[in-house]
Amino acid sequence: MYRIISGKWKAKKIAAPKNFDVRPTTDFAKEALFSILENTYDMQSISVLDLFAGIGSITLEFASRGCQDVTSVEMNPKHTSFINSTAAELDMSLQVNTQRGDVFDWLKKFRNNKSYEIVFADAPFETEEKKYHELLSLVLKNKYLKPNGILIVEHQSRLKLDHPNYKFTRKYGNVSFSFYEPYQETEMEAETENSDITE
């Protein structure tokens with residue numbers, strides 16, 4: 001079970017079937033995360049990509065807070081079905097677009113297709129460090145982030161996921177959120193493109 005922290009469905013408890021093997025982000029960590037995000041973004045005007053969406057704890061939190069464009073990627077068909085049925089029950093179906101598939105395959109398939117202000121990734125806790133780095137590379141190198149966007153990776157606090165685009169980490173017990181910024185076009189790249197245009 002998890003709880004929607006704020007927004008239209010504040011304090012709403014979401015109970016998943018007991019046979020679901022899931023680990024929703026804790027209320028404490030989720031509240032802290034959204035406090036950071038709401039200081040930067042207007043929830044009603046952004047696009048969000050929720051990777052490893054599980055049973056929708058983060059997806060439905062964004063939707064409850066007014067986000068109109070949340071794409072959720074989750075491999076387990078029971079979980080995607082649960083997200084869809086819960087979104088319908090809470091009148092969020094138009095806000096939530098659920099995609100069933102392996103996150104890594106999905107990111108390769110839809111590269112450079114759409115950009116988001118926020119990409120959130122909560123991979124299974126047993127995920128190997130090299131897979132986290134593959135995830136960072138797939139998101140950051142394929143224009144999944146808008147210029148003002150942010151990638152947030154939830155992971156075990158003992159992991160340190162260094163990357164040139166790393167900004168900061170917030171730790172909440174065993175869980176940490178690491179934040180990464182999009183690649184910025186360098187002046188040299190811009191000059192090269194400008195010279196190509198003038199020629």
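User: Which residue forms a salt bridge with lysine 131, and how far apart are the closest N and O atoms?

Analyst: Side chains of opposite charge can pair when their charged atoms come close. In this predicted model, the partner of lysine 131 is glutamate 134, and the closest N and O atoms are 2.9 Å apart. Both residues lie in helix α5 (residues 129-140), three residues apart, about one turn of the helix. Glutamate 134 is partly exposed at 24% relative accessibility, and lysine 131 is partly exposed as well, at 29%.

User: Over the face of which ring does lysine 131 lie?

Analyst: Lysine 131 lies over the face of phenylalanine 104, 4.0 Å from the ring centre.

User: How many salt bridges does a search of the whole structure find?

Analyst: The search finds ten. One of them joins the side chains of lysine 30 and glutamate 61, at 3.7 Å from N to O. Lysine 30 lies in helix α1 and glutamate 61 in helix α2, so this pair ties together parts that are 31 residues apart in sequence. Another bridge, between glutamate 128 and lysine 130, has an N to O distance of 3.9 Å.

User: Are lysine 30 and glutamate 61 buried or exposed?

Analyst: The cut-off for buried is under 20% relative accessible area. Lysine 30 counts as buried because its relative accessibility is 0%, and glutamate 61 is buried with a relative accessible area of 0%.

User: What else does glutamate 61 touch?

Analyst: Leaving out residues up to four places away in sequence, glutamate 61 touches Arg3, Ile4, Ile5, Ser6, Lys30, Phe34 and Gly56. The side chains of glutamate 61 and arginine 65 are also joined by a polar contact of 2.8 Å. A network of salt bridges links Lys30, Glu38, Glu61 and Arg65.

User: How many residues of α2 are buried?

Analyst: Eight of its eight residues are buried, and α2 is mostly covered. Among them are Ser57, Glu61 and Phe62. After α2 comes glycine 66, with a positive phi near 105°.

User: How many aromatic pairs does a search of the whole structure find?

Analyst: There are nine aromatic pairs. Phenylalanine 28 and tyrosine 172 form one that is edge-to-face, 5.7 Å centre to centre with 85° between the planes. Phenylalanine 28 lies in helix α1 (residues 27-38) and tyrosine 172 in strand β8 (residues 166-172), so the pair ties together parts 144 residues apart in sequence. Phenylalanine 28 is exposed at 59%, whereas tyrosine 172 is buried at 17%.

The rings of phenylalanine 52 and phenylalanine 104 have centres 6.1 Å apart and planes at 70°, so this pair is edge-to-face. Phenylalanine 52 is in the loop between β3 (47-51) and α2 (57-64), and phenylalanine 104 is in helix α4 (residues 103-109), 52 residues apart. Both are buried.

User: Which residues do ring pairs link into a cluster?

Analyst: The cluster is made of Phe28, Phe120, Tyr172 and Phe177.

Technical notes
Residues numbered from 1 in each chain as written. Predicted model: local features only at pLDDT ≥ 70, side-chain atom pairs only at ≥ 80, totals over all residues. Heavy atoms only, no water. Phe/Tyr/Trp six-rings, centres within 6.5 Å; stacked < 30°, edge-to-face > 60°. Helix = DSSP H or I, 4+ residues; strand = E, 2+ residues; numbered from the N terminus. Buried < 20%, exposed > 50% of the residue type's maximum accessible area, 1.4 Å probe, protein only. Lys NZ or Arg CZ within 6 Å of the ring centre and 35° of its normal. Polar contact = N/O pair within 3.5 Å; in protein donor to acceptor, adjacent residues only side chain to side chain. Contact = heavy atoms within 4.5 Å. Salt bridge = Lys/Arg side-chain N within 4 Å of Asp/Glu carboxyl O.
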